[in-house]
There are 2 protein chains.
Amino acid sequence: MTSATLLTSKSAENDPTGFRDLQPLIEEALATACDFGAGCPERLGDAMRYAVLAPGKRLRPALVLMAAEACGGQIIHAMPGAVAVEMIHAYSLIHDDLPAMDDDDLRRGRPTCHIKFDEATAILAGDALIAQAFTHLCENVSDPLLAATAVRTLAKAAGPCHLVGGQADDLAAENRFVEPEESASKDEIQITGGDNTAALMHLESIHQRKTGALIAASLSLGATLSGGTEQHRAALACFAKNVGLAFQVVDDLLDLTADAAAMGKRTGKDAVKGKLTYPGLLGLEGAKQRAEDLTRKAQEAIKVFGKRNWRLSSLANYVLERQH
Amino acid sequence: MTSATLLTSKSAENDPTGFRDLQPLIEEALATACDFGAGCPERLGDAMRYAVLAPGKRLRPALVLMAAEACGGQIIHAMPGAVAVEMIHAYSLIHDDLPAMDDDDLRRGRPTCHIKFDEATAILAGDALIAQAFTHLCENVSDPLLAATAVRTLAKAAGPCHLVGGQADDLAAENRFVEPEESASKDEIQITGGDNTAALMHLESIHQRKTGALIAASLSLGATLSGGTEQHRAALACFAKNVGLAFQVVDDLLDLTADAAAMGKRTGKDAVKGKLTYPGLLGLEGAKQRAEDLTRKAQEAIKVFGKRNWRLSSLANYVLERQH
C-alpha cells in the first residue's frame, strides 16, 4: 500500500476514524523501529517493545501522517515523526503508571510495564524510549534542517513546560479542588461549587500540556516533515488545541460512564482520587456541550486545507463520538 | 574570560586537572540553561536545578570543551554540547538513585533528589532533563547539520544500547558473580576465583556503556561542534575508551579505600551489594595496575593533537590520581 493509493482510496474515505488504513503502516514502522540493536539488554528491549507495541489506536502517529497529507506531502516521509512521537507517548504511559505516580497495574486490559517486568526495568524502559525517539528521528530524517526542527518540536513538547510539567501539575492537583469523599460515587458527580472558573482554567492548562502538547507536536511534526507553510502550521495548531481538549473532555466522560470491560482499566478512578475532571466541574451535560463546541472549532480551523482535510475532519468527529 | 585567554593562560597550563579554568564557564552556562521558562512547575524546576547545579567536577562538560579545543575550535561554540551532556548525566544520577534502582539517599553529602523532593518529582525531573538536553542543543546550535549530528550522538549514548543498557545490566549483574556475605568486609575484598575473565569482560562491557558511552559522547560532541576531522574523532574515541575505563577502575578503588566523609556517600556499598568491581576481580594491586595501563594508552591516543592535547593529557593523569 502506498501513500498514493491511500489518498485516493474510497474505502478509506468512508472510514469514520479517518485513519484506519494508516494503522497497519504505523504498526509495521513501529515494529521495525523496535529492533534496538545487539547492545540492548534483552529484558530492557522486551519492556520497551511491550510498551510501544501494545495494542492502541495510534492516534498520535496517525495525526503526524494526517497533517503531512493535509499539507500536501507524502505520508511515508513523515513516518519517522510518527514513530518518534509514539515512543514518547509510550514512555509517558510507562512512567505515569509507576507506583510513585498514578500507581496503575492495568492499562487497556494488560498488566502495566512495572507489573509485567519490574519497577527498575519500567523506569529504564521509559528513559531509553525518550532517547530512542530522538535517535530514530535523526537516523531516519535525511535533511538535517528537518531533523533538527523535528527534534526541537518533539523535545519541547516532551519537556518540563509541557508533557512532564503537565503530569507534575496533574499529580499536584489531586485532592486540591474536590474532596474524595464527595466524588467517590459515579452517580453523584456534579459541579462541586466554589471557584469553578479558576479550577477549569487550571484543568485546561494541565491538559493542554499533558495531552495537548504531544497532540500539537504530532501535527507540527507532520507539517515539518512535509514542508507545510506557516498558514498550515497555524491551522494545525488551532486544530490541535481544540481536538486535544475535546479528547480529554471525552476521556473524563468515558471514565465516568464506560464500564471497566470496555475501557480495560479501572473506571471512575480519577474521581475517587479527587482528580480534577470536566464532568466534576461542568456536570455531565456541560461537559458534553464543551466537547461539541471544541470539535466545531477544530473543524473550522482545517477548512484551509480544502478536501485534503478529510482525515483530520473524520478524526475530530471520531474523538467526539468514540466509546473507548 | 574568553576562549582566547583560556588557550594562552599559563596558570591554566599549570592546573593539574586541565580544566579548572573551564569550570566557572560551565557553571555559568548551566545556571543560564536552568531557566526552564514560565511554563515549568516550580517544584519540578527546583528538582531539575537541584540535580544539574549540584556541586560537581563537571567532568563531562569539560571533556566536550577540551575536545573542541584539541580539534582547533572555539570553546564557546561547544558549550551547548557541554550543557546538554551534563543534563543527561544529572538525569542518570537522579534515576540511578531511586528506591527501585540503587536506592541511595545521599550523593556527594547531599540528600538525593527523591529524598529532597519526592519520588514522583525525581522521576519527572529526570524525564524532563532528557528532553531538555535535546531542546537545549537544538536551540543553541545554529547550524542544523551540527545540531542534528550532536543530537544523534547524545541520544545514542543515552539510549538502550549504552547508558540505559549499562545501568540495566549493572542492576542485573548484582549478586551474580560475588556472594554478598563474602564481600561484606572492606578488608576481605580479593579475587573471588572462578571465571574472572568472563566476569571482567562483562564488567568492562557494563562500564563501557554505563560510564564510557557518555564520556565518549562528550568528546565526540566537542569534535562535532568544532569541526574535528575523522582522525581527530578516532583519536578521541580511543582516548575516551581508555580514560572511561580508568575512571571506573579508580572509582571502584576509591569506593573501597576512601572514607565516607571524603566521598560524601556510603563507601564499600558496591561490594556489600555484591556488585562486580575491579578490585573484587583483580585484587587491589591488579586494579591499580589496570588503571595505569589504561591511562598510558589514553595518553598515546592524543599525541595526534600535539600541544593542543595538554588539557586532555592533564585530565587523564587527574583521573588516575584523584582522591575523590
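This is a predicted model: local features need pLDDT of at least 70, side-chain atom pairs count only at pLDDT 80 or more; totals for chains, interfaces and linings use all residues.
View 1. Chain A has an average pLDDT of 87, and 84% of the residues score at least 70. Residues 1–5 of chain A have a pLDDT below 50, and this stretch makes five contacts in the model beyond near neighbours in sequence. The pLDDT is also below 50 over residues 175–193 of chain A, a stretch with 32 contacts in the model beyond near neighbours in sequence. For the complex, the predictor reports a pTM of 0.88 and an ipTM of 0.87.

**View 2. Contact between chain B and chain A****.** On the chain B side, 46 residues are in contact with 46 residues of chain A. Four helices of chain B, namely α4 (42–52), α8 (119–140), α9 (144–158) and α10 (163–173), each contribute at least two residues to the side that touches chain A. With 14 residues, α8(B) gives the most to this side of chain B.

**View 3. Composition of the side of chain B that touches chain A****.** The residues of this side of chain B comprise 28 nonpolar, 11 polar and seven charged.

**View 4. Relation of chain B to chain A****.**

How values were computed. Residues are numbered from 1 along each chain as its sequence is written. Chains are lettered from A and ligands numbered from 1 in the order in which they are written. Two residues are in contact if their C-beta atoms, placed from the backbone, lie within 7 Å. Ala, Val, Leu, Ile, Met, Phe, Trp, Tyr, Cys and Pro count as nonpolar, Asp, Glu, Lys and Arg as charged, and the others, Gly among them, as polar. Copies are superposed by least squares on the C-alpha atoms of residues with pLDDT of at least 70 in both. pLDDT is the predictor's confidence in each residue, from 0 to 100.
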